[in-house]
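My entries follow the order in which I looked.

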Amino acid sequence: MKALEHIPEIVRALRRAYQAGNAPVKKMPRRDPFRILVSTVLSTRTQDPVTAKAARGLLEKAPGPARLARLKPARIEKLIYPVGFYHTKAKLLPELARTLVERWAGKVPDTLEGLLQLPGVGRKVANIVLSRGFGIRAIAVDTHVQRISNRLGLVRTRRPEKTEARLMKVLPRRYWIEWNVLLVALGQTVCRSARPDCRACPVRRWCRKVGVGRQGRTQPLSTGQA
């Protein structure tokens with residue numbers, strides 16, 4: 001079966017497999033955009049439990065941009081260690097906070113264009129802030145979304161920006177916000193990079209397994225554009 005023809009069924013299957021308590025992922029509440037922004041910056045190359053602990057510790061000391069802007073990088077390093085690239089992020093975060101204070105009156109911008117002007121913020125981070133912080137429909141493409149969207153056969157892309165553009169064409173807008181959440185959950189538990197457990201996959205009946213060999217080993221993605 002072609003995944004493109006069964007997107008609603010795929011989303012429903014993922015919702016059943018990955019729920020927050022008794023509520024579907026799509027109903028998760030909006031959160032403070034500043035907390036989302038800081039947590040997402042910290043999350044790069046970092047496992048979720050480490051990110052959560054680091055973000056909690058940092059935001060307890062600096063719950064807003066003004067206070068974060070005043071923290072010294074050395075202090076931030078101690079608060080966020082051992083997140084990936086913690087030394088670089090400790091320098092970046094107060095710069096980002098100062099930009100929010102000086103250019104945005106301490107508020108996180110609610111547009112893609114505004115967010116992309118912030119130091120260290122790319123499209124993935126910006127789209128996560130838009131979707132989870134403001135409830136604005138956006139598709140955040142991280143490594144899980146990139147990998148699984150290709151494996152399903154929804155896209156044939158190598159670069160995240162191409163993947164985002166293609167998904168915006170094929171995914172109904174009502175699924176944009178939760179697509180990242182659902183595919184991250186699937187990618188962390190079943191559809192892993194090196195050895196995906198296809199037998200345990202809740203969407204295996206619709207998956208074309210692009211780039212996955214018979215033994216569950218990842219193969220090079222064939223060239224092609226969306």
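In which hand, left or right, does α5 pass α6? I found a right-handed crossing of α5 past α6. I note that this is a predicted model.

**Entry: α5 and α6**

I looked up the geometry of this pair. Helix α5 covers residues 73-80, and helix α6 covers residues 86-104. They pack at an angle of about 125 degrees. Their axes lie 8 Å apart. Because angles of 65 to 115 degrees count as roughly perpendicular and only those over 145 as roughly antiparallel, I put α5 down as oblique to α6.

Next I listed who meets whom. From α5 come P73, I76, E77 and I80. From α6 come Y86, H87, K89, A90, K91, L93 and P94. By class, I have seven nonpolar residues, one polar and three charged in this contact.

**Entry: α2 and α6**

I then turned to α2, residues 33-43. Helix α2 packs with α6 at an angle of about 155 degrees, and the axes are 11 Å apart. The cut-off for roughly antiparallel is over 145 degrees, so α2 is roughly antiparallel to α6. I logged the crossing of α2 and α6 as right-handed.

On the α2 side I wrote down F34, L37, V38, V41, L42 and S43. They meet K89, L92, L93, L96 and L100 in α6.

**Entry: cavities**

How many cavities of 30 Å³ or more are there? I count two.

The largest cavity holds about 110 Å³ of space. It is lined by 15 residues, and R151, C191, C198, C201 and C207 are the closest to its centre. Helix α9, residues 143-152, gives the largest share of this lining, three residues. I sorted the lining of the largest cavity by class: eleven nonpolar, no polar and four charged.

The second largest cavity holds about 30 Å³. I recorded its lining as I128, S131, R132, A138, I139, A140, W176, I177, N180 and V181. Two elements give two or more residues each, α8 (123-134) and α11 (176-189). The largest share, four residues, is from α11. By class, the lining of the second largest cavity comes to seven nonpolar, two polar and one charged.

Conventions
Residues numbered from 1 in each chain as written. Predicted model: local features only at pLDDT ≥ 70, side-chain atom pairs only at ≥ 80, totals over all residues. Heavy atoms only, no water. 1 Å grid on protein atoms, 1.4 Å probe; cavity = no way out; pocket = protein on both sides within 12 Å on 5 of 7 lines; lining within 4 Å. Points joined across faces, edges and corners; volume = space filled by probe spheres on them. Nonpolar A, V, L, I, M, F, W, Y, C, P; charged D, E, K, R; others polar. Axes fitted to C-alpha atoms, helices over the stretch in contact; angles between N-to-C directions. Parallel < 35°, antiparallel > 145°, perpendicular 65-115°, else oblique. Left-handed = near helix turned anticlockwise from the far one by under 90°. Contact = heavy atoms within 4.5 Å.
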